[in-house]
Amino acid sequence: MANRAQQLLSHIKMSTEEHAQIWSNVPLAPEDSIFKLTAAYKADPFPQKVNLGVGAYRDDNNKPWVLPVVRKATHILINDLGRDHEYLPITGLPEYTSAAGKLIFGLQSAALKEGRVTSVQTISGTGANHLGALFLSRFYQWNGPPTIYLSNPTWANHHAIFKNVGIEPKDHPYFEAKTVGLDFVGFTDTVKAAPARSIFLLHACAHNPTGVDPTMEQWAELANLFLEKGHYAFFDCAYQGFASGDLEQDIKAVRHFEERGVPMLVCQSFAKNAGLYSERIGALHVVGGAKDEATRVKSQLSVLQRSEISNPPGFGARLIGLILNDPVLFDEWKVDIKVMAHRIIDMRYQLHAKLTNELKTPGNWDHIIKQIGMFSFTGLNPTQVKAVVEKAHIYMTGNGRISMAGLNSGNIAYVAESIDKAVRGTL
C-alpha cells in the first residue's frame with residue numbers, strides 16, 4: 001500500500017512539473033514602444049514632463065476631449081427605449097456601413113451608385129486593416145509571393161498585421177531625412193519597378209508617422225502609374241477631417257483613385273475624427289468591378305468575420321450611424337472636427353514661430369508647418385531625442401516623431417526651448 005501511495009505521489013509530482021514547463025519555451029515579447037513610452041511618462045514624477053508620444057487628441061488643458069456631438073448622440077441613444085442589445089449582422093449595422101461608405105466615396109461615386117462597393121463594419125481601423133489583409137491573402141491573384149509595399153516609415157502595426165496573414169511587407173522610399181519631406185522620386189521609382197499587380201498600402205491623408213502627404217498633382221501621377229502597372233491600392237484612412245478640418249479635402253486622394261478606376265480597398269476609422277478611441281469603430285470598403293462581384297466579396301468577408309469576431313459591437317456603430325445620418329448632428333460633428341484640427345494646426349505654427357523667430361534655433365523648421373495631421377517628424381537625430389527625453393522629460397519616439405496634440409499653451413514654450421537646447425548641444 002505504501003509503495004502504491006509513493007507511486008501516486010511521484011506521478012503527481014512529475015505531472016505538475018511537466019505542466020509547469022508547457023510554456024517555458026515561449027519567448028518574452030518586447031513591449032510596444034508607444035505604450036512603453038506612455039508608461040514611462042506616467043511613472044515620471046517630474047512636474048514639467050510632457051507626453052508627445054501618444055496618438056490621441058488632447059485639449060489645451062492636456063485633457064481628453066469628448067466631442068459635444070458625441071455627448072449629444074450618446075444621450076439620444078441612452079434614452080431610446082426602443083434600442084435593444086441583439087446581435088448585429090455579421091457585416092455590421094447597415095445604416096452605419098452605408099453612411100460610412102458615402103463619407104469615404106461621396107454621394108456622386110460611380111462605384112456606390114452601381115453597387116460595386118462592399119462595406120463591412122470592423123474593429124476600428126486596425127480591424128479593417130486585418131480583415132482587408134486576410135481577404136487579400138485568401139483571394140488576391142498574386143504575381144509572385146504575397147507581398148505588400150509599405151512606406152518607410154509607416155505605422156508600426158502595419159508590418160505585424162500583414163505578416164500575421166502571410167503577406168510579406170516590403171519597404172519603399174517615402175520620407176527624405178535631408179529635406180524632412182517626401183521622397184517622391186524614390187516612391188514613384190518603386191511603383192514603376194514593382195511587378196505588375198503589386199499591392200501598395202497608401203495613407204489617405206495625414207501620413208503616420210511623418211505628417212508628409214503627396215500633393216494632389218502627385219496623387220494624380222501615382223494613379224496614372226497604378227493604372228499602367230495594374231497595381232492595387234490598399235488605402236488606410238484613419239484621419240479624415242482630422243488632418244485639415246475638412247472631411248472633403250482629406251479624402252480627395254481616395255476619391256481620385258476611385259474615379260480613375262484604380263483597383264482598391266479602403267480601411268476607415270472613427271477613433272481620431274470622432275474621439276471614439278475605445279469604441280473601436282471602423283469599416284472596410286472593397287471596391288469591385290461589378291455588382292455581382294461585390295456580392296461574392298461580401299459573402300467571403302462575412303465568412304472571415306464570422307470566424308474571428310462573429311458579430312461587431314453595436315454602440316459605436318449606432319453612435320456614428322446616428323451622427324452621419326442626421327443632418328443637424330452631422331453639421332455639429334464637422335464643427336467639432338474643425339476645433340480639433342485647427343488647434344493642432346495652431347500648435348504647428350506656434351512651435352515653428354518659437355524655433356524660427358524667437359529662439360533662432362539652428363536649421364530650417366518649415367517642415368513643421370508643411371506637414372499635416374496629428375504627427376510631425378521633427379528632424380531631431382537620436383542623440384538629440386535622447387537628450388530631450390532624459391534631460392527635459394519630454395517623451396517622444398526614438399525617430400523624433402511627436403504628437404502635435406500633446407502640445408498646448410502651457411507647455412509649448414518649454415518644449416521649444418528644450419528642442420533648441422538639444423539642437424545646440426546645451427541641454
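The crossing of helices α6 and α11 is right-handed (a crossing is right-handed if the near helix is turned clockwise from the far one by less than a right angle, and left-handed if anticlockwise). The model is predicted, with local features requiring pLDDT of at least 70 and side-chain atom pairs pLDDT 80 or more, while totals for chains, interfaces and linings use all residues. Residues are numbered from 1 along each chain as its sequence is written, and side-chain values use heavy atoms, without hydrogens or water.

Helix α6 spans residues 124-139 and helix α11 residues 291-308 (helices are DSSP runs of H or I, at least four residues; strands are runs of E, at least two; both are numbered from the N terminus). They pack at about 120°, with axes 10 Å apart (axes are lines fitted to C-alpha atoms, for helices over the stretch in contact; angles run from 0 to 180 degrees between N-to-C directions). From α6, H130, L131, L134, F135, R138 and F139 meet V297, Q300, L301, L304, Q305 and E308 of α11 (contact means heavy atoms within 4.5 Å).

Seven strands build an open, mixed sheet, ordered β2-β10-β9-β8-β7-β3-β4 (two strands pair if DSSP finds at least two bridges between them). The twist averages 25° from one strand to the next. Strand β2 pairs with β10 (residues 281-287) in the antiparallel sense, over seven bridges.
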